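Take a look at the chain shown here. Start with the whole, then turn to two places in it.

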Amino acid sequence: MVGGGGGCCPTMDLLRSEPMQLVQLIIPIESAHRTITYLGDLGLFQFKDLNLEKSPFQRTYAAQIKRCGEMARKLRFLKEQMMKAEFTRSTRATMCSNINLDELEVKLGELEAELEEMNTNTEKLQRSYNELLEYKLVLQKAGEFFHSAQNSATAHQKELEEHIHGERSIDSPLLLEQEAFADPSKQVKLGFVSGLVAREKSMAFERFLFRATRGNVFLKQVVVENPVTDQLSGNEVEKNVFVIFYSGERVKNKILKICDAFGANRYPFIDDIGRQYEMITEVSGKLSELKTTVDVGQLHRANLLQTIGYEFDQWNLLVKQEKFIYHTLNMLSFDVTKKCLVGEGWCPVYATSQIQNALYRATLDSNSQIGAIFQVLHTTELPPTYFRTNKFTSAFQEIVDAYGIAKYQEVNPGVFTIVTFPFLFAVMFGDWGHGICLFLATLYFILREKKLSGQKLGDIMEMIFGGRYVIMMMALFSIYTGFIYNEFFSVPFEIFGRSAYGCRDPSCRDATTIGLIKVRDAYPFGVDPKWHGTRSELPFLNSLKMKMSILLGVAQMNLGIIVSYFNAKFFQNDVNVWHQFVPQIIFLNSLFGYLSLLIIVKWCTGSQADLYHVMIYMFLSPTDDLGENQLFIWQKYLQLLLVSLALVAVPWMLFPKPFLLKKQHEERHRGQLYAMLDSADDMFELETHDHSHGQEEFEFSEIFVHQLIHTIEFVLGAVSNTASYLRLWALSLAHSELSSVFYDKVLLLAMGFNNIVILIIGIVVFIFATVGVLLVMETLSAFLHALRLHWVEFQNKFYAGDGYKFSPFSFGLISEDDD
């Protein structure tokens, strides 16, 4: 089990997980931080938490973590400011790469304080600027109103005077004469309030004023052409300038309250025209000064944020790493007397020398007089599972890990999945035209993987990009099975030679009505193109694909059972070899292995035997003669033998194993046997043993019930799993028929109209149907069915999947993390 040596770069082995070892590290306090840093750079050591009984606040480095959290908060504040200013973080290399955490803490505090002060000042200046801008609008619009009103009053006065000095008539209004000779001291002086109100509230504002004052006000509103920045929300709002004339203090108080309720900003106004022009000039000057001040402040703020953007990623990564380091240090046991930290964790055996070198470098760089101690511990604890993958194999391993993490050192299904998964997909997706389209789409991601790997692609595109090599293999296998099915968008081609069939009459054209005869040797590779379009095409392909699905299913299930044998031999579990592997392989092949043999013999001999009849009466009437369904001599006696073996295999799986496990348990407690039971099927016994406080009685009934369930599951699963592989036939037939329908009923139908517009429409519909249905929906459907065949039908024969993943302390896992 311990292999691989201590070399730097051993050969990658996916069949079994890397040999792991439990290690104890004794690290001096003065070199602890640097040691953990170097181990994080290496990324090959998984620490165990030795302080589970302590809360996060009781741990040694809680204050440092709190400090890093505060720095992270300041970084988030800086990031928010850059996002508001629409600045992007620059990837330009910075000169100050050796910045200290203490220096960074001071710098972040200064930057936060400076930015907050800038924001406060900018907010005040912007508010003052907006107030002056609104005041200017009030002066301009209300001034225009007063000016027009004064001109109107002057013209009215002149008209009145001319009328009085002219000839009087009996029709002259008496009120005009009274108005003209009225005493100015007795005229009522009206007060007024001016300001701005939101245009959407103007109608309600006017209605409310009228009702509150019972119509004893005069309201004049003027539309402001351009939107105005609202002082409360900061958004652009369309507003109206208003002037309200009133009489009396009570009415004035009501008006002021209504203005406050509607959020109307009031500004003072003087009806003296000369004074109005002076105020407009004065306000315009202040606006110009404020604009200059605000622009200078914004420029200074932009330069500061740009400088921060150059170094933000480096600061963010440093803070994350420091926080990660202190979290890891809190997992170590603190020894006050010896002034050292004690840590335990898992690492691959091959990484021993690399970890020791990291410890040695940390001791030298921290000027520590005492070096860290690396000590291998012996334990019965189950190690984590670690497979070293690359960009090609990682996606296939993720498919297996999604079902369950492999138990330590058990056979990894990911090795077989690299070939069997895309192949089973291709059996359901066989069309070399569709395969080429899928391959070209995947090739785009592969050729641009360096550029796309550093970008955010969205959830769906990220998933497709991560599985680009899986899709590439699926496309290549689809091209291969497409050549076997001889389908290119459902159209056959004579690629590997001429068809073996021809017309009975050389002058015939309609071969589907008068039949075909064999005129030359068989088509060398795949399905003969002449089958396409004939009346017997569907029955022929149905029979071919159904039998092929059974052959593939039985072969893959046999592979799973054979892999369980190698697992049992590796863990030195003879019970599973003789009482699980042997009866299972006998039972499966006595039924469905024999069915596969009959299919192959029927193909080779061209027999017309009915295999349904053979398999059914093999159990109902095993002693009857087969008659015309006999494929070879001694077939009846072979069937009797296979039925007998299948019946014997069921109790063989059920009864011996529980009794042997009980015997092993008794011998182990008598001191005659110390071997651990490593089989996944013995977990019930192991759990009972591990959690016992003494020598508890062996739970034979529990083990027997577990074995009974396992036996029933295998016997019924042998039938249901074989039937489940018929999905290969069903989806392959559905894909072929859909492709044929789109070609015949869309593309060929459009070509038959001899109209360029209809032809273009037909081509567009054909392309969208092919891409949307066949290349997207059918791809997803075939992918999910292939996934189910691997998870349920294949992996349940040998795969426990009850391990836990190796999660090393590595800075590479946090470098791309975005808060």
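This report covers the whole chain and then two of its residues.

**The whole chain**

The model is predicted. The protein chain holds 24 helices and 13 strands. It has 819 residues, and 43% of them count as buried. The protein chain exposes about 45,100 Å². Carbon and sulfur atoms supply 59% of that area.

**Val349**

Where does Val349 sit? Val349 lies in the loop between strand S10 (340-348) and helix H8 (352-365). Is Val349 buried or exposed? Its relative accessibility is 9%, so Val349 counts as buried, because buried means under 20%.

**Tyr565**

Tyr565 belongs to helix H16, which spans residues 537-570. With a relative accessible area of 27%, Tyr565 is partly exposed.

Which residues does Tyr565 touch, not counting residues up to four places away in sequence? They are Val577 and Phe581.

**Two pairs**

The table sets out one pair for each residue. Distances in space run from C-alpha to C-alpha.

| Pair | Apart in sequence | Apart in space |
|---|---|---|
| Val349 and Leu22 | 327 residues | 9.4 Å |
| Tyr565 and Trp578 | 13 residues | 9.3 Å |

Find each pair in the structure. Val349 and Leu22 are 327 residues apart in sequence, yet 9.4 Å apart in space. For Tyr565 and Trp578, 13 residues of sequence go with 9.3 Å in space.

Key: Residues are numbered from 1 along each chain as its sequence is written. This is a predicted model: local features need pLDDT of at least 70, side-chain atom pairs count only at pLDDT 80 or more; totals for chains, interfaces and linings use all residues. Side-chain values use heavy atoms; hydrogens and water are left out. Helices (H or I, at least four residues) and strands (E, at least two) are DSSP runs, numbered from the N terminus. Buried means under 20% relative accessible area, exposed over 50%, partly exposed in between (1.4 Å probe, protein chains only). Contact means heavy atoms within 4.5 Å. Accessible areas come from the Shrake-Rupley method with a 1.4 Å probe; for residues, only the protein chains shown count as cover.
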